[in-house]
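Let's take a walk through this structure together, one piece at a time. Keep the picture open beside the text as you read.

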Amino acid sequence: MDRAYALVSGDKAKVLTVTLRPKGARGADDLAALKRDFEAELAAQRLRWAVARNNRTVREYVVENALALAKEFSERAAPGAAAPAAEQLTADQRSEIERLIAEVETEISAMNAQAKGPDPKASALSWEAAQKAEKDGSSA
Amino acid sequence: MGSGAEGGKGRFLGLSRLTSLPSGARTDPAGLGFFGFRDFGDWVLITNDYGRWQMLEKNDFERFLAGGVKPGEVLHEELSGRGFIRDRMDFGDLAASYVRQNSFRFIPGPSLHMVVVTLRCNQKCRYCHSSVVDPSRTDTDMDLETARKTVDFIFATPNPSLCIEFQGGEPLLNWPIVKFIVEYAQAKAKAQKRRLLLALVNNFTLMTDDKLQFLIDHGVSICTSLDGPADLHDANRPFLGGGSAQTKVVSWVKRIMALAQTDDIRKPYMPSALMTTTRLSLARGPEIVDLYRDLGMEQIFLRPLSPIGYAKRVWGEIGYDYADFLRFYEETLDYILELNVSGRSGIMERNALILLTKIVKGEDPGFMDLRWPAGTVLGCLAYNYDGRIFVSDEGRMVDHQGDPIFNVGTVTDSWQDVLDHPTSRACVAASNLETQPMCAQCAYKPWCGAEPVFHYEMQRSIAGQMPTSPWCGTHMGIFDILLKRLREPKTRAVFDGWLERDLCQWQENGPTIPGQPVTEAAS
Ligand code: SF4
């Protein structure tokens, strides 16, 4: 990990030579440790590569199965869930939303109309004072 | 080269954070199923794509590598049943396991929608205060029109189950818009027959009885920040209104907990708290846990600080090396486990729960920060007060520091436009762990995740470079710590108890709102 500069030379189809130049290490012991680590890593990579190559089709097959299974499952559980249901607000819902919008508009304009505005004021007050102010406001 | 996993004990000095093969090990890969491994010294963990795993004694691992585990042995049966023997695989079973483990990959569209209703805040948190603005800056409040379009956009995304999370700034500073979004979204959910969850993240300094009543009546779950005892919390999160912010948080948490205890309908909405670990927290794990215990909280979430947005600028003052966090995590988790083992408390740690849900239950806990492809866009979106959409809340914070790279559209765009945005596509492509050389081989790949925004901030690459990534170091360390404790019968029993008790009610797939439509798919 960030321990050496590596130079790879040679012919990929025949023999490759890896030259490592340590970044911080100095003595012969450090160099020997770096060589050992590199060889251990190479052995692990050789195994991982072989296992990955041998299992490529198996892994693809299982994921294909998983995709089919998931599709079947989600269609059984929520038919048509991939596309949201077309929104059909009832007349009641529509008028409820209109009422809601009117209410919030009133609240916001009341909030903005106050010279100081309730929010900056509240944030400058202590918590207890802000509570009291809110209570007085809501009961007014 | 230290071949064993080192957990939270320090840096890895090998060529990679991955462990190497036992020295001189004979290998015969022909009969082996695909696997990743991690050497813990006396034993080795092996895992595969399907989320199956096994802990092997070192000599059994060496026999496995050499093709020496033979049919008729119990170990052979176990390894075959888990998909580690190439010519003995139950494809249907492994595919089902893969789907269960990665269910998020098969559900269309984001489920978590974080709405920033204002940038104003009345706290000046040390890790965030430049991501917010002064309480007088009402120009950073979301207006009604934008709020309506935001909800319309959210309901145009295709996930059958939606969670809207209010964030800020301090969202209670723009209360009329919070109320509007709650009611409008609930009306739309009813009309579209979709499952809707609502959550409010607030600092409690502006909470009132009326607001609380509204939130309870509408089934909005409440989450706050609680960093620890008053001196620690207040040092991290100074309150502009004067006085101790921690006292206010504690007081409201107690009140809501008391309400929840006396009412079954309110029980699912017990407040939850997030704890952010700063440098000041590192020596105080047990004290922080004791505070959560005293408050009757069921869980504590030991979260590392991320060097994103403003926190990156002040990292020198409040940040730490990931090895320091791992030490803190390990010591604090051990304290929690000890409390559980001795019967003094049943408090659970949430990082552990998330990972154990993946590892032990083989299920997806619905946690955005630990999945691949990353949760960005495919799992979550963040909506700024001005209607701009970001790949995540962290992406929005990067924008606040002057870099709009993670902006993927606005609420007037279509969902398809946002999904097709080059940044959305890049985040997905860059967060496939199969294309990360180290992750592709890592034993933790089936349970790990990717974080494009973090790596952009830390390494100027959305893909990141895992061998030097603190994100990888942190997660690999947490996995190591948990796996070691999973092997100990005493701590394994505690973990099993947690998994039985925990309903896995994360914000993204939390409790259902009474009276709200629930699709079968989401239940
Ligand atoms: S990011 Fe996760 S999967 Fe990748 S190497 Fe690190 S711990 Fe392993």
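In what order do the three strands of the open sheet with antiparallel pairing in chain B come? Bear in mind that this is a predicted model. The order is 1-2-3, and the pairing in this open sheet of chain B is antiparallel. Strand 1 and strand 3 (53-57) of chain B sit at the edges with a single partner strand each, so one side of each has no neighbour in the sheet. From one strand to the next, the twist averages 20°. Helix 1 (residues 58-65) of chain B packs on this sheet and touches strand 1, strand 2 and strand 3 of chain B. The direction of helix 1 makes about 110° with that of strand 3 of chain B.

Strand 1 (residues 36-39) of chain B and strand 2 (residues 43-47) of chain B run antiparallel and are joined by four bridges.

Next comes another sheet in chain B. This open sheet has nine strands in the order 10-8-7-6-5-4-12-13-14, and its pairing is mixed. Strand 10 (302-304) and strand 14 (407-410) of chain B are the edge strands, each pairing on one side only. Here the twist averages 30° from one strand to the next. Helix 14 (residues 393-400) of chain B packs on the sheet, where it touches strand 4, strand 5 (161-167), strand 12 and strand 13 (388-390) of chain B. The direction of helix 14 makes about 120° with that of strand 13 of chain B.

Which way do strand 4 (residues 112-116) and strand 12 (residues 380-383) of chain B run, parallel or antiparallel? They run parallel, with four bridges joining them. Leu112(B) stands opposite Cys380(B) in strand 12 of chain B.

On to the helices. Two packed helices are described by the angle between their axes and the distance between the axes. Take helix 13 (residues 350-359) and helix 18 (residues 470-487) of chain B, which pack at an angle of about 65° with their axes 11 Å apart. Angles of 65 to 115 degrees count as roughly perpendicular, and helix 13 and helix 18 of chain B are therefore roughly perpendicular to each other. Their crossing is right-handed. From helix 13 of chain B, the contact takes in Ala352(B), Leu355(B), Leu356(B) and Ile359(B), and from helix 18 of chain B, Ile478(B), Phe479(B), Leu482(B), Leu483(B) and Leu486(B). By class, the residues of this contact are nine nonpolar, no polar and no charged.

Helix 18 of chain B also packs with helix 12 (residues 322-341) of chain B, their axes coming within 10 Å and crossing at roughly 25°. Angles under 35 degrees count as roughly parallel, and helix 12 and helix 18 of chain B are therefore roughly parallel to each other. This crossing, too, is right-handed. Among the residues making the contact are Tyr322(B), Phe325(B) and Glu330(B) of helix 12 of chain B, and Pro470(B), Gly473(B) and Arg485(B) of helix 18 of chain B. The contact has ten nonpolar, three polar and three charged residues.

One more pair in chain B: helix 4 (residues 144-154) and helix 5 (residues 175-192) pack at about 30°, with axes 10 Å apart. Their crossing is right-handed. The contact includes Leu144(B), Arg148(B) and Asp152(B) of helix 4 of chain B, along with Phe180(B), Tyr184(B) and Lys188(B) of helix 5 of chain B. By class it has eight nonpolar, no polar and three charged residues.

Finally, turn to chain A. It has four helices and two strands, and along the sequence the pattern reads β-β-α-α-α-α. Of the 140 residues of chain A, 25% count as buried. Among contacts in chain A with a separation of 6 or more, 10% come from residues 24 or more positions apart.

Notes: Residues numbered from 1 in each chain as written. Chains lettered and ligands numbered in written order. Predicted model: local features only at pLDDT ≥ 70, side-chain atom pairs only at ≥ 80, totals over all residues. Heavy atoms only, no water. Pairing = 2+ DSSP bridges. Axes fitted to C-alpha atoms, helices over the stretch in contact; angles between N-to-C directions. Contact = heavy atoms within 4.5 Å. Parallel < 35°, antiparallel > 145°, perpendicular 65-115°, else oblique. Left-handed = near helix turned anticlockwise from the far one by under 90°. Nonpolar A, V, L, I, M, F, W, Y, C, P; charged D, E, K, R; others polar. Buried < 20%, exposed > 50% of the residue type's maximum accessible area, 1.4 Å probe, protein only.
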